[in-house]
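The sequence and structure are shown here.

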Amino acid sequence: MRGLRSRILRTLQSFPNAAAAQSNALLPPPDAAAPAPSEDVPEPADGDCRGGGGGDDDKENFSPKAKKMKVGSGREGDCPGEPGRGYRRPELESPSLFDPDLLAAFRGVVDAYAQALEKTQRHGDDFDDADDDIAAALDAGGRDEDPLAGLESRCPPGGARAVVLYTTSLRGVRKTFEDCATVRRLLDGLRVAFLERDVSMHAPYRDELRALLPPPPGGAGDGASMPLPPRLFVDGRYVGGADEVVALHERSRLRPMLRRAARRRAGDAACAVCGGAWFVVCGGCSGRHWLYDDGSAAAVAASRVPCPGCNENGLVPCPLCS
């Protein structure tokens with residue numbers, strides 16, 4: 001280390017400006033004390049953003065450790081290259097430590113979003129009303145007075161003034177699952193409030209569908225066969241399965257059939273009780289579907305009884321939306 005230092009000194013002494021360079025060539029040791037605050041430090045001239053203007057020797061021998069970081073105040077005259085450019089010190093007397101301009105911009109964005117959402121909901125209702133008026137005018141101009149007049153009367157429980165869709169959530173048969181999703185998307189696109197009854201999650205729904213659509217006379221006589229979902233019922237009338245519903249939609253006949261159905265407004269949230277799942281966990285058995293009497297562990301299997309308040313899956317239809 002001493003040999004390297006002496007070599008650097010000899011090299012610097014060979015320069016013409018050796019006296020000035022020698023004082024600035026060697027860096028101060030790490031444990032050197034910082035200069036006192038009272039020392040006279042030359043202020044940079046206006047427009048000089050280098051932190052210490054000087055000649056070429058000063059630029060070569062200027063130590064990065066001795067450079068003082070400067071926080072900009074956000075006022076005019078700050079150097080564009082300063083690290084604190086655009087930073088604004090919080091005012092301690094202010095009720096909020098955040099930038100007032102930033103808070104104002106955030107409030108403006110929130111207000112604009114609320115206005116846009118309200119406008120979308122209002123226009124969505126206007127469009128639905130206009131479509132209903134057009135469908136009514138078309139019916140009066142040549143179609144049947146009641147679009148449901150030609151359909152077979154088959155009313156599911158609670159479906160006299162509602163839209164009821166029987167579906168399945170099982171993916172065992174891919175075509176059946178995709179047909180249910182297709183009809184569900186059509187109703188969602190028309191903003192129709194409908195009751196979805198999953199026959200794979202609730203045995204009473206399967207019994208309802210068997211009673212509404214009994215098997216043909218030439219089919220199985222034991223009543224075990226069930227029509228494949230999806231099956232759509234509107235105001236107590238049977239519309240059909242996936243093929244019939246899609247065909248009616250392609251011929252613009254499905255919307256007139258649903259004009260008396262309740263509508264869902266844009267931005268409406270899912271059910272607050274079930275979250276759109278149509279079922280909730282039974283509170284009596286905590287979803288186990290079995291109730292156990294007090295007894296020994298060996299007699300648990302013999303002492304259990306099914307819960308009378310839920311289905312075979314330990315679920316109960318949502319009391320708010322089902």
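Arg 191 lies in the loop between α5 and β3 (195-198); helices here are DSSP runs of H or I with at least four residues, strands are runs of E with at least two, and both are numbered from the N terminus. The model is predicted, so that local features need pLDDT of at least 70 and side-chain atom pairs count only at pLDDT 80 or more, while totals for chains, interfaces and linings use all residues. Residues are numbered from 1 along each chain as its sequence is written, and side-chain values use heavy atoms, with hydrogens and water left out.

**Backbone features**

Although Arg 191 is not a glycine, its phi is positive, at about 55 degrees. Its relative accessible area of 25% makes it partly exposed; buried means under 20%, exposed over 50% and partly exposed in between, with a 1.4 Å probe and protein chains only. Ser 252, also not a glycine, has a positive phi of about 60 degrees, and it is placed in the loop between α7 and α8 (254-257). A cis peptide bond runs from Pro 229 to Pro 230, with omega near 5 degrees. Pro 230 belongs to the loop between α6 (203-212) and β4.

**Packing of α5 and α7**

Helix α5 (residues 174-189) packs against helix α7 (residues 242-250) at an angle of about 35 degrees, and their axes are 10 Å apart. Such axes are lines fitted to C-alpha atoms, for helices over the stretch in contact, and the angles run from 0 to 180 degrees between N-to-C directions. The crossing of α5 past α7 is left-handed, meaning that the near helix is turned anticlockwise from the far one by less than a right angle. On the α5 side, Asp 179, Thr 182, Val 183 and Leu 186 take part, meeting Ala 242, Val 245, Val 246 and His 249 of α7; contact means heavy atoms within 4.5 Å. Five of the residues in this contact are nonpolar, two are polar and one is charged. In this scheme Ala, Val, Leu, Ile, Met, Phe, Trp, Tyr, Cys and Pro are nonpolar, Asp, Glu, Lys and Arg are charged, and the others, Gly among them, are polar.

**Aromatic rings**

The structure holds four aromatic pairs. Rings of Phe, Tyr and Trp (its six-membered ring) pair if their centres lie within 6.5 Å, and planes under 30 degrees apart count as stacked, over 60 as edge-to-face and the rest as tilted. Two of the pairs are listed below.

| Pair | Centre to centre | Angle between planes | Class |
|---|---|---|---|
| Tyr 166 and Phe 233 | 5.8 Å | 85 degrees | edge-to-face |
| Phe 233 and Tyr 238 | 5.1 Å | 45 degrees | tilted |

Tyr 166 in strand β2 (residues 163-167) and Phe 233 in strand β4 (residues 231-234) are 67 residues apart, so their pair links distant parts of the chain. Tyr 166 is buried at a relative accessible area of 0%, and Phe 233 is buried at 1%. Tyr 238 is buried as well. Ring pairs join Tyr 166, Phe 233 and Tyr 238 into a cluster.

**Other contacts and the whole chain**

The charged end of Arg 304 sits over the ring of Trp 290, 4.1 Å from its centre; this requires NZ of Lys or CZ of Arg within 6 Å of the ring centre and within 35 degrees of the ring normal. The chain has nine helices and nine strands, and buried residues make up 26% of its 322 residues.
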